[in-house]
Every structure is written in structure tokens, then in C-alpha cells.
Amino acid sequence: MIDVLVAGGGPAGLATAIHAALAGMEAVVVEPRSTPVDKACGEGLMPSGAAALRSLGVVVDGRTLRGIRYLDGRRQAQAAFRDGPGLGVRRTALHAALYRRAAELGVEIVSGRVDGVRQDRDGVEAAGLRARWLVAADGLHSPLRALLGLELPDRRPRRYGLRRHYRVAPWTDFVEVHWAADGEAYVTPVGENLVGVAVLSSRRRGYPDHLADFPALLARLEGPAMTPVRGAGPLRQRVRARVAGRVLLVGDAAGYTDALTGEGVSLALLSARTLVHCLLTGAPQSYEAAWLRLSRRHRLLTGALLETRRHRAAARLIVPAARRMPALFGAAVHALA
């Protein structure tokens, strides 16, 4: 019998399968899309995420990131990472590297889709396969999460993200977060002559309209756009639980607050390791509490920033406050990193 069947072959699913294989478990991934898969995301890995990749034996080319910089057009504040660098890497390059590593370890990757689940006391059946455990790593709008009744309603304003790349030499080795009245723009160096620019907002507008809110940034994007605009959202996903019998949720499927602090992939990689550890120790039910502990700082800090963002007068104070209190800003960046 398969030990771990993974629904979804994105970074979270592949990382789960790699951890399982490294632990001597048989892992099979079910994924309907061909590799590599692109997705609208900021493409910046926090130092913890970069370290998690190395622990998996994954090698990927990218740009070293030294910290995070906030800008609002007139002011700026920045904080360097204290415990090593982060990594700016194209989503497609990250996905391809994880796929190669999984294949090296003998992980079977099956073309298909998990759209139904049957489970009993000894195992679970899905996609015509039987396994001891099923891991739902099927994304932000996880069909398995919905099928299992694990979603919770959310009445807060919805936020959406858009991203594309520009052929321009990176002008910084920091992730830049540009703040405006109706959203943020995230600039991540991902190559020698390539930067990714993602915008987040609760307003549904076209990508050029969003970029117009950031004239200083727009002036730097002299090179041509290299990729089409990709979108994602609504971002916030509330989840009742991350364990349902023999099914466990990981990555965006496990719940999502917002991309504002850029921890999505890093948290997914770390959660995958925690999930497999819980299975190995015979304590799958402990994964819920472990996930809550692992994500606590991210949820609290991201939630606090989002609440501040909801009030325009308070939002205008974010960058000035970070500039006037560098120690506090540095501590927040360190906590997230």
C-alpha cells in the first residue's frame, strides 16, 4: 500500500512527497498539469524557506535577497535578514527543481486529478489508488478542502493579486514593498535581468491601472514585459481544521491569510516537513496544533497589517512608523523570516 498519496504537485505537494521519500516512505503525487506550473506569486523565499529547500537537497538558481524594504513614494524603511539570505526565484524554476528532486528519490508522479475520497480506519482511496494517508495540496481554492466540509465563511473584504515580469536589471537585492492608498506592489529580483512585480488590492482593476498608483516604480520598469499577467484570489481562506480522518491539508489548502508578508511558499515547505514528521511518529492528529504553532507569527503579523491597511488614515502611517522605529521593523522582519 502507498504510504502517502499527495493530491497536487505544486511546491507544497512535492515538498511533502520529498520529505516522505527521504524518510523511507512510498509517496505518489497526483497532478493534472504538466511541469513546470506557473502561478501568480511574489517569488521571494524568506531565509527559512531557502534553508528548507537546502534541507530537501533542492538546488535552484535565483537571486540572493538581503532583506525587505518598504516605500510609499516619499519615504522608505528597510531591514536586513539576520539569519542568512532569502532567495528570489521564478516560480517555474522552483517547481521544476522540486520535480527533479522528487523524481531522483523515486517519487511517482501520476497524471490525474483527485475529485473524490473514500476512507476507512486503515486507509484512503482516491484517484483509483489506495494509501495509508492522503495529503491535500491542491491549492488556494482546494476542491478537497471543500469536499471534506473544512471551509469557513469569510465576510472581510476580498483581496486579489496580479503578477508579471519585466526585463530589467534588478536595482536592489531587497524585496521592495511599495505602498499606495488602494494596494501594494511587490518587487522581487528573480534573475540577472528579470524582476517580478506583483500587486495586491481589494479593488478589481487591470494590472496597468494598479501600476499607475506607483509612479516611482513604474519609472524603473523600462524594459519590456516578459510574461503575461497572472492573477490569484480571493486570497484569504479560512479553514475549520487541517486534519480530517486520514486526510491532511498542507500549503495554501491548509488556510491562507494574505500574501502581504510574502511567506506563502516558505510556510508551505516548513509545513510539509512538519506533516511528514507527524505521520512518522504515529501522531497525525498532532499536525493541527503543530501547524497552528508554525504559522502563528505569520497569521498574527499579517493579520495586524491587514487590519491597519483597512483604515486609510492608519495605512498611511505604516512606512513612516517603520522608518521611525527601525528596531521594531527589524524585529518584525526577523520574526517573519
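## Contacts along the chain

What share of the contacts in the protein with a separation of 6 or more comes from residues 24 or more positions apart? The share is 74%. Keep in mind, as you look around, that this is a predicted model.

## Overall build

Along the principal axes, its C-alpha atoms fill a box of roughly 60 × 40 × 35 Å.

How does that fit with the chain's length? A compact globule of 337 residues would have a radius of gyration near 20 Å, and the protein agrees with this because its own value is 20 Å.

## Inside the protein

Of the 337 residues, 54% count as buried. In soluble globular proteins, nonpolar side chains tend to be buried together.

Here, the largest nonpolar core has 62 residues. Those with the most contacts inside this core are Leu53, Leu98, Leu134, Val250, Leu269, Leu275 and Tyr287. Helix 7, which covers residues 264–280, supplies the largest share of the core, with nine residues. Another core, of 25 residues, lies apart from the largest one, and among its members are Ala77, Ala79, Phe81 and Val319.

## Surface and charge

As for charge, the protein carries 47 positive and 30 negative side chains. The centres of these two sets are 6 Å apart.

Definitions and conventions: Residues numbered from 1 in each chain as written. Predicted model: local features only at pLDDT ≥ 70, side-chain atom pairs only at ≥ 80, totals over all residues. Heavy atoms only, no water. Rg over C-alpha atoms; globule rule 2.2 N^0.38 Å. Buried < 20%, exposed > 50% of the residue type's maximum accessible area, 1.4 Å probe, protein only. Contact = heavy atoms within 4.5 Å. Lys, Arg positive; Asp, Glu negative; His and termini not counted. Charge placed at Lys NZ, Arg CZ, Asp CG, Glu CD. Core = buried A, V, L, I, M, F, W, Y, C linked by side-chain atoms within 4.5 Å. Helix = DSSP H or I, 4+ residues; strand = E, 2+ residues; numbered from the N terminus.
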